[in-house]
Amino acid sequence: MPQTDIVALPFAELARRMAAGEITSEALVAECLARIEARDGALHAFVAVYPEAALATARRLDRERAEYRLRGPLHGIPIAVKDLADMQGHVTGFGSRAYGSEAATATAPFLRRLEDAGMVLIGKTQMVEFAFGSWGTNAALGSPRNPRVAEDHYVAGGSSSGSAVAVAANMVPAAIGSDTGGSVRIPAALCGTIGLKTSHGAVSTEGVAPLSPTFDTIGPLTHHIDDARLIFEAMREPQALPSVPGTTTGIVRTPPRAELDPLDPSVTVAFLASISALSETGLSVQSLILPRAFVDYQADTGAIMAKEAYGALRHLVDNPDLPLDPAVCSRVRHGADIDEATFGALVSARRDALAALDDVLGDGDVILLPTTPFPACLLADVDEAVLPMSRLTRLANYLDLCAISVPVATTADGLPIGMQICARHGREDLAMAVAATLHAAMQQRDLIAKSQS
């Protein structure tokens, strides 16, 4: 097996190899650390790495395995986490040079659950400052580099930029991000990984630096859909488990092509191919009729985010002497322009939209959308005044859907293209099942095309 392959293996295969004595958790962690040491100077995915602690944890987990004390399918698997979650003894930076100075006194509950499940926390990943941005840039600490294009600096997408880069570059098997308006799915799409936006409240955000409590969610980025499922099951809140199994998939809903414009031509081709591929599997693909345009959902989600973010961060963004990203400060300060009456109307309108969701999407239905309207662009071409990458993702946040982005194609330049499958709150099982069907169907199409070329 080539050296570059082992970190990208499915968790089930890694577990099999550990059980057979072909590899240890310590060896796997050491391999990840070696790759981080070799590659992260150029990619800038990590803000902190904990080699001694990670290796010590891995050795302890190897002893437990030898003593037949297996914690589950995640036993001994390394993982990285976005630098907005508290980890006892470490400062939570929140992508900023000014946010945190004191070490956290406790570890975020979702991280404790992952550690209890046997995962090895290897380090913290870079992010957009305050998690408010979709390009993946960070003027204060540096912008991670998309590993899919070696010859130039392409953006990785945000705000969970470092987590996506760490996985896409095979430095770790998995990483944790957050998604408030698309911040797991966008970097997953631009870097060619799996990215799961969980239902709001399914995973605790206690001990997580807040951007917008109305929308903040925690989710994994992985190489494989089933690995995302395993991580989600380990870190989700026990009370969030559904008491009654959901219905199986009924209809794949997708909007008329014109409502998605503007789209890059390569994304259009991949979107139409995805519709065709799902239809060929026997799924019914029908039109999605939304009461509002995507830009309206994007704008209202952004306004609520800005109002809540300004309430939490005004002491920082209103201080001109702090070394903050000016583009992020501008986004947060927009919240100061939203008065309480306007904010109340925004919240009320969203409440009405959630109450009327049955008119849009059935419990067993899913929505198919491109994750981003464009592939990754050069860092030099980024316009921080606009946020086009979140135009198709914020619908899921606004309507409290779960959603998963899967890579389905690449451009002629090798840039990944992702599609997202969205489902009702609590239906991660459904979203992942349809995503797996789509992913497999598109891979099969790619294999056939290559064999015929």
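Predicted model: local features only at pLDDT ≥ 70, side-chain atom pairs only at ≥ 80, totals over all residues.

Q: Where do K124 and D83 lie?

A: K124 is in strand β3, and D83 is in the loop between β2 and α4. The pair therefore ties together parts that are 41 residues apart in sequence.

Q: Are K124 and D83 buried or exposed?

A: Both K124 and D83 are buried.

Q: What does D365 form a salt bridge with?

A: With R253. The closest N and O atoms are 3.6 Å apart. D365 sits in the loop between α11 and β9, and R253 in strand β7, so this pair ties together parts 112 residues apart in sequence.

Q: How accessible are D365 and R253?

A: D365 has a relative accessible area of 9%, so it is buried. R253 is at 18%, and counts as buried because the cut-off is under 20%.

Q: How many salt bridges does the count come to?

A: 22. Among the residues involved, E13, R16, R17 and E22 are linked in a network.

Q: New topic. Which helix has a kink?

A: Helix α2, residues 25–43. The kink is about 40° and is centred on E37. Just after α2, H44 takes a positive phi of about 60°.

Q: What do the buried residues of α2 pack against?

A: Several elements, including α1, β1, α3 and β3.

Q: And how many residues are in the largest nonpolar core?

A: 136. I122 is one of those with the most contacts inside it. Helix α9 gives the most to this core, with eleven residues.

Notes
Residues numbered from 1 in each chain as written. Heavy atoms only, no water. Core = buried A, V, L, I, M, F, W, Y, C linked by side-chain atoms within 4.5 Å. Buried < 20%, exposed > 50% of the residue type's maximum accessible area, 1.4 Å probe, protein only. Helix = DSSP H or I, 4+ residues; strand = E, 2+ residues; numbered from the N terminus. Bend = angle between axes of the 7 residues up to and from the residue. Contact = heavy atoms within 4.5 Å. Salt bridge = Lys/Arg side-chain N within 4 Å of Asp/Glu carboxyl O.
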